[in-house]
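Subject: Structure handover

Hello,

Here is the structure I promised to pass on to you. Please open it alongside this note, and take your time with it.

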Amino acid sequence: PLVLVTGLSGFVAKHVARELLARGYAVRGTVRSVTKGDEARAALSAAGCETGRLEIVQADLTDDRGWGEALAGCRFVQHTASPFPASQPRDKFALVPVAKGGTLRVAEAAKAAGVERLVLTSSVVAVYHGHDGRADPRFTEADFSNVESPRISSYAVSKTLAERAAWETVEGTGMELAVLNPSLVLGPLMDRDPGTSADLVAMMMRGRLPLVPAARFGVVDVRDVAQAHVAAMERPEAAGRRFILTAGQRTLREIADALGNAFPEFRPRLPRATVPNALIEFAAKVSRRAGTLASELDQRRTLDTTAAREGLGMDFRSPEEAIRAMAESLLRLGLVR
Ligand code: NDP
C-alpha cells in the first residue's frame, strides 16, 4: 500500500517514513522545495533505508495546487507537516491559516481520493494548554486546550484548531482518523536539518542557557513517535481515537542533568540554576510569551498514556535515552562541538 507522508523534510516525518519503508510500505513524501526533497532522500538513504519505494512530490500547506496529485492512489496519509517555529509570533492566531488551512486541504484531498485512514500529528499542546489552575491535574485524551486562554501560545492555538478541524472534516464520512498527541520529541536527528525540537538540547550543550525556568515538559523519543504513527495507521481499534505520547515529564534541570550524565565533559556548559517562579509569573503579567511559559510551571500536571500503551502497544524509551540519543546525534553531525 502507498502512504502519503506530508512534510517529509521534518524531524518526525523522516522517522515515520523510515519506519514505513522498513515495514514494506511504498511512501510518497511531500516537500516545499526540490532541495528539501533531495536532502530528505539522502538522509533516509544514509540511515540505511531502501529508498526505491520512496517518491517525492511538491506541495505547500498554503496552496491548493499539488494535493490532488499527491493523494492519488494513497491508501493512508500521515499528516505531519505544520508550522513549528522556534520563536512564537505575538499574534495568537498567526499560525492558524497554515496549520488549520493545511490540515483542511490535506483532509479534503484525502477524502476525495478515497483514503482509508488519515493519521494526524497533533501535540500535547492541543491537550493541556490554557487550563492553568484547573483542580484536576490529570490530563487525558478527553481534554482539548482552551484557545480562549490568554496563557496559550500561538503554536498551541494552531495545533488545537488544526486537530479540531480534522475531526470535523471526517465526521460522517467513510474516512477514518487517528491522532497522535506527542510531548516534546527528542531522540536521534537523521541529518543536519535540526528543526525546532533540537533547539533546547543544542542550546543547553552550547552553554547558552545558564539559567532555566522550573518548567516541566513531557519527553518522548522520535523512534517511539514513528512507531506510534504506524500503529495508529495499522491497528483497526486506533480509528477515531487520540493518543497522548510521552515517556514521562522532566524539568529543564532534569534534562540538563541527563545530558551531564551522558556527556560529563559538557557539564560546565549546562544550566546550573533555576529562575524563580515568581519572576516568570511577574513576566507573565507583562508579556504574553512569558505567560505561555508560565503554563509549563505546573509541577502537578500528569499526562495519562494508558491509551497509547494499551491501544497502540507502546512501550516508551525513557526520556533519558531520548535526551542522550539527541545529544549524541548533535555531536555526530557536528551541530554541537
Ligand atoms: P519540523 O519543523 O522538523 O517539521 C515540520 C514540517 O512541516 C517540515 O517538513 C516543514 O517543511 C513542514 N511545513 C511547515 N510549514 C509548511 C507549509 N506551509 N507547507 C508545507 N509544509 C510545511 O518539526 P517536527 O518534525 O518536530 O514536527 C512535525 C510535526 O510534529 C508537526 O506537526 C509538529 O507540530 C508536531 N509535533 C512536534 C513536536 C516536537 O517536539 N518536535 C511535539 C508535538 C508535536 P520545511 O522543511 O519546508 O519547513
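Below is what was found in it, one topic at a time.

This is a predicted model, in which local features need pLDDT of at least 70, side-chain atom pairs count only at pLDDT 80 or more, and totals for chains, interfaces and linings use all residues. Residues are numbered from 1 along each chain as its sequence is written.

Let's start with the record. An unreviewed UniProt entry carries the annotation "domain: NAD-dependent epimerase/dehydratase" for residues 3–239; such positions are given in the numbering used here, feature names are shortened, and annotations may be inferred rather than shown by experiment. Over residues 3–239, the chain is 35% helix and 19% strand, with the end C-alpha atoms 16 Å apart. Helices (H or I, at least four residues) and strands (E, at least two) are DSSP runs, numbered from the N terminus.

Next, the ligand. There are 26 residues around the ligand, and G7, G10, L61, S82 and G195 come nearest (a residue is near a molecule or strand if its C-beta atom, placed from the backbone, lies within 6 Å of it). The elements giving two or more residues to this shell are α1 (11–22) and β8 (184–186). Of the elements, α1 gives the most, with three residues. By class, the shell has 11 nonpolar, 11 polar and four charged residues. Here Ala, Val, Leu, Ile, Met, Phe, Trp, Tyr, Cys and Pro count as nonpolar, Asp, Glu, Lys and Arg as charged, and the others, Gly among them, as polar.

Two helix pairs are also worth a look. Helix α4 (residues 96–112) packs against helix α5 (residues 154–170) at an angle of about 20°, with axes 8 Å apart. Axes are lines fitted to C-alpha atoms, for helices over the stretch in contact, and angles run from 0 to 180 degrees between N-to-C directions. The angle makes α4 roughly parallel to α5, since angles under 35 degrees count as roughly parallel, over 145 as roughly antiparallel, 65 to 115 as roughly perpendicular and the rest as oblique. By class, this contact of α4 with α5 has 10 nonpolar, three polar and three charged residues.

In the second pair, helix α8 (residues 252–262) and helix α12 (residues 319–332) pack at about 60°, with their axes 9 Å apart. That makes α8 oblique to α12. I255, A258, L259 and A262 in α8 meet E320, I323, R324 and A327 in α12 (contact needs C-beta atoms, placed from the backbone, within 7 Å). By class, six residues of this contact are nonpolar, none polar and two charged.

Best wishes

Definitions and conventions. Contact = placed C-beta atoms within 7 Å.
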